[in-house]
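Please open the structure in your viewer and keep the selection tool at hand.

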Amino acid sequence: CGIFGAIGMPDAANFVALGLHALQHRGQEAGGIVSYQPEPGFSSVRRFGYVRDNFTNPSVMAQLPGKIACGHVRYSTSGSKGAAIRDVQPLFAEFAMGGCAIAHNGNLTNADALKESLIERGSIFQSSSDTECIIHLMARSMARSIPERMKDALRLVEGAFSVIAMTRTKLIGVRDPRGVRPLMLGKVGEKGWVLASETCALDIIGAEYVREIEPGEMVICTEGGIESSHPFDKAKPKFCVFEHVYFSRPDSMIGGRSVYETRRQIGVELAREAPVDADLVCPVPDSGTPAAIGYSQESGIPYAMGIIRNQYMGRTFIEPTTEIRNMGVRLKLNVNRALIRGKRVILVDDSVVRGTTSRKIKEMILDAGAAEVHFRIASPPTQWPCFYGVDTPDRENLLAATMTEDQMCAHLGVDSLKFISLDGLYRATGEKGRAKEPQYCDACFSGDYPVKPSDMVAKGRIK
Ligand code: 5GP
Ligand code: SF4
Ligand code: MG
């Protein structure tokens, strides 16, 4: 998901709409914005579909007045898949000390257990979203202020959370102790502050990048300034390495490093680790593009656009059902036949999950008369599900969990298939390699879960 918040600027909701538009790649199912102005109080609009279709309409934006606002774009990883407007964030609750809206990116790994015990003690849930646990835990806290109640609540949840919350006067940003999901702080003019999942959302409104919220940090932004605290027990940072590979936008900066450059470098590493004689290096657009550029530069094999993407389609993987996904691949990508015919082609993509995309693309490329097809993948084999906010399927549906590399190669029917190594991936992010205590979360590749996914263990979905 993508989250964005703004305080200290007139019509803050307009900035939030723009910020969410820049974060649309992080979630396309639905979006919502909450704003506050003394009269009429808190206002909220939550809709299915793209930001540009809902939050550009002047009559919608007129319903969101005020100098403080926050919003969310949804990509469902917990709760009901697909249509349920009650699951669309920001969630909102009235406490004795005033209202509070919450937008959450990540996934809580003990939400089922928390929910069960909260319901036993009288909480009435309105959504199927894990995020709602935070609100009920806040309601049970005896602390006197909303930020203190949030701290109490967030100390009881496990898993990944970057949260943006707002009250009548405060914009609050928090990252879980491991900082699995990103959260950035920006400044607008003298008194304006913004919080955003990625720096590309600061750029779109011309905000100045200030810094990242640290793992385990809570910041409270008011028109008077910002206040920082570290309410959690300290933990080893475990930023999601897959943000570098796929999730973030290539024009964003993470840890002072350009995501584009990291992806290009993955291609360079991949060319060193898995060279092959061929005529063309082609990306599977758009997610494979920077790595394909790196592969081409390092190998000296010409880069070419062998597959053309229809710019009017969203990310296929993000659509919730397999039928839609299958259809989506054909709607979205087409082969540049004139270029491909008779050529030995290296195809670079970011990941193989179910293998749906790679299989379809291989068929299209061979149909177009390619002489050979070699797949090079910019991440290690995805062997484990993510429980921290990326929607990977159960293990049995992960191609790499059930097959060896050779079996996958045969299954996809390609001439060769190679994945970047974990060490190669770490090198591309600027590390020397994967340390004994890994610098990132890489659980979907390694099975080393930095936070025990306790709900899933209880359900027997994982040991
Ligand atoms: P597959 O078709 O193998 O199931 O999925 C891999 C494709 O899905 C890649 O082209 C990748 O760009 C895309 N993709 C979109 N969203 C995600 C996601 O959340 N995780 C992963 N691993 N791949 C995704
Ligand atoms: Fe990121 Fe994979 Fe860890 Fe999920 S399991 S947080 S996708 S590295
Ligand atoms: Mg892709």
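In which loop is Pro 40 found? Select Pro 40 in this predicted model: the residue belongs to the loop between strand 2 (30-37) and strand 3 (41-48). Display the backbone here, for the peptide bond from Glu 39 to Pro 40 is cis, with omega near 15 degrees.

**The strands on either side of the loop**

Next, select strand 2 and strand 3. A hairpin through three residues joins strand 2 to strand 3, and the two strands pair in the antiparallel sense over eight bridges. To view one such pair, select Gly 32 and Arg 46, its bridge partner in strand 3.

Tyr 36 may be shown together with Ile 68 of strand 4, which stands opposite. In a regular strand, side chains alternate between the two faces of the sheet.

Is strand 2 largely enclosed or largely open? Seven of its eight residues are buried, so strand 2 is largely enclosed by the rest of the structure.

The bond that joins Gln 89 and Pro 90 is a cis peptide bond, with omega about 0 degrees.

Then select Asp 11, in the loop between strand 1 (2-7) and helix 1 (12-22). Asp 11 is not a glycine, yet its phi is positive, near 50 degrees. With 18 other C-beta atoms within 10 Å, Asp 11 is partly exposed.

**Helix 5**

Select residues 132-140, which form helix 5. Seven of these nine residues are buried, so the helix is largely enclosed by the rest of the structure. Among the buried residues are Glu 132, Cys 133 and His 136. To see what surrounds them, display strand 5, strand 6 (98-108), helix 4 (111-120) and helix 6 (146-154), against which the buried residues of helix 5 pack.

Which residues does UniProt list under the feature "binding site"? Its unreviewed entry gives Cys 240, Cys 386, Cys 441 and Cys 444. These positions are spread over 205 residues of sequence, but they cluster in space, with a largest C-alpha distance of 10.1 Å.

Select Cys 240, which lies in strand 14 (residues 239-240). Cys 240 counts as buried because it has 28 C-beta neighbours inside 10 Å. Beyond its neighbours within four places in sequence, Cys 240 is in contact with residues including Val 180, Tyr 388 and Cys 441.

Continue to Cys 444, in helix 17 (residues 443-446). Cys 444 is buried too, as 27 other C-beta atoms lie within 10 Å. Its contacts, leaving out residues up to four places away in sequence, include Phe 242, Trp 384 and Cys 386.

**The shell around ligand 2**

Finally, select ligand 2. The residues that surround ligand 2 include Cys 240, Cys 386, Cys 441 and Cys 444, together with others such as Val 180 and Asp 442. Helix 8 (241-247) and helix 17 are the elements that give two or more residues to this shell. Colour the shell by residue class: it has 10 nonpolar, no polar and one charged residues.

Technical notes: Residues are numbered from 1 along each chain as its sequence is written. Chains are lettered from A and ligands numbered from 1 in the order in which they are written. This is a predicted model: local features need pLDDT of at least 70, side-chain atom pairs count only at pLDDT 80 or more; totals for chains, interfaces and linings use all residues. UniProt positions are given in the numbering used here, feature names are shortened, and annotations may be inferred rather than shown by experiment. Helices (H or I, at least four residues) and strands (E, at least two) are DSSP runs, numbered from the N terminus. A residue is buried if 20 or more other C-beta atoms lie within 10 Å of its own, exposed if 12 or fewer, and partly exposed in between; C-beta atoms are placed from the backbone. Two residues are in contact if their C-beta atoms, placed from the backbone, lie within 7 Å. A residue is near a molecule or strand if its C-beta atom, placed from the backbone, lies within 6 Å of it. Ala, Val, Leu, Ile, Met, Phe, Trp, Tyr, Cys and Pro count as nonpolar, Asp, Glu, Lys and Arg as charged, and the others, Gly among them, as polar. Two strands pair if DSSP finds at least two bridges between them.
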